[in-house]
Amino acid sequence: MPGVVRTRVGYAGGSKPRPTYRALGDHTETTQIEFDPERLAYEDLLAVFWDSHTPTRPPWSRQYASIIFYHDEEQRRLAEESKLKVELRLERRLYTDIVPASQFYRAEDYHQKYYLRGVPGVMHDFERIYPDAREFTDSTAAARANGYVGGYGTLDDLSAEEEALGLSPEALAELESIVRQVGGHPRGCG
Amino acid sequence: MAIAFARPTPVPIPPIDARAPARAQTATFALG
């Protein structure tokens, strides 16, 4: 999505200090997005949130709960409004909590940019650009490439920004090939 | 005699990263 600056996955909402994937405690698996509000509205992110999962059934566990963590009063208001609209449209109760944002713990490096990690040719480029895993996780280019592999974005979107991604012609060709197959059919957040 | 080691050619940071705003708004979701 244009306007997404950085993405990372992690754990939040619980009380256990320094959770890990194998010792999650009472936390929930979470995606954090940094976005440019001049290019992307919070409402658009909420729309993707509702489209990316099934909040009409109770969560299997705390690990997989449906939660919106709001960072200010405006986000809380927009989240409550959008939840109500979706409930009215579906005529179903939604099992989505709307709670204030709490401490966010980054997940282990190997969980970051999940879709992209399945594309060795593109990953090879990013590993050369960012030998440091944390810098790779915080890369806008990596976030956008991960989104394309996950089905978010079309060939036209990719063409418009391909030079800005800083990838080799070979990696770009591989990315284009994937977008031809999955572009416009999101697989859910990764 | 000095031995010169070849350094790997640095790979430039992608332009989109070079111009990414340092500060942005944050949104946090758990997707069930």
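## Domains of chain A

Chain A is divided into domain 1, which takes in 4-42 + 53-106, and domain 2, which covers 110-182. The structure discussed here is a predicted model. Taken over C-alpha atoms, the centres of domain 1 of chain A and domain 2 of chain A are separated by 25 Å.

Contact between the two involves seven residues of domain 1 of chain A and eight residues of domain 2 of chain A. On the side of domain 1 of chain A that touches domain 2 of chain A, the residues divide into four nonpolar, one polar and two charged.

## Helix α2 of chain A

Helix α2 of chain A comprises residues 73-90, and at 1.5 Å a residue its 18 residues should span 26 Å, which agrees with the 26 Å between its end C-alpha atoms. The buried residues of α2(A) are A:Gln75, A:Ala79 and A:Ser82. Seen down the axis of α2(A), these buried residues fall within an arc of 75 degrees, so they line one face of the helix.

The packing partners of the buried residues of α2(A) are α1, β3 and β4 (96-100) of chain A. On the face of α2(A) turned away from its buried side lie the exposed residues A:Glu73, A:Glu74, A:Arg77, A:Glu81, A:Leu84, A:Lys85 and A:Leu88. After α2(A) comes A:Glu91, whose phi is positive, near 55 degrees.

## A:Val48 in helix α1

A:Val48 is placed in helix α1 of chain A, which is made up of residues 42-51. With 18 other C-beta atoms within 10 Å, A:Val48 is partly exposed, because a residue counts as buried if 20 or more such atoms lie within that distance and as exposed if there are 12 or fewer. A:Val48 and A:Gly147 are 99 residues apart in sequence, while their C-alpha atoms are 12 Å apart in space.

## Contact between chains A and B

The contact between the chains takes 43 residues from chain A and 18 residues from chain B. On the side of chain B that touches chain A, the elements giving two or more residues are α1 (15-18) and β1 (25-31) of chain B. The largest share of that side, seven residues, comes from β1(B). By class, the side of chain B that touches chain A has 13 nonpolar, four polar and one charged residues.

One of the residues involved is A:Ser66, whose bridge partner in β1(B) is B:Leu31. On the chain A side, β3 is also among the elements against which the buried residues of α2(A) pack.

Definitions and conventions. Residues are numbered from 1 along each chain as its sequence is written. Chains are lettered from A and ligands numbered from 1 in the order in which they are written. This is a predicted model: local features need pLDDT of at least 70, side-chain atom pairs count only at pLDDT 80 or more; totals for chains, interfaces and linings use all residues. Helices (H or I, at least four residues) and strands (E, at least two) are DSSP runs, numbered from the N terminus. Ala, Val, Leu, Ile, Met, Phe, Trp, Tyr, Cys and Pro count as nonpolar, Asp, Glu, Lys and Arg as charged, and the others, Gly among them, as polar. Two strands pair if DSSP finds at least two bridges between them. The expected span of a helix is 1.5 Å times one less than its number of residues. The arc is that of the directions from the helix axis to the C-beta atoms. Domain bounds come from an automatic or database domain assignment.
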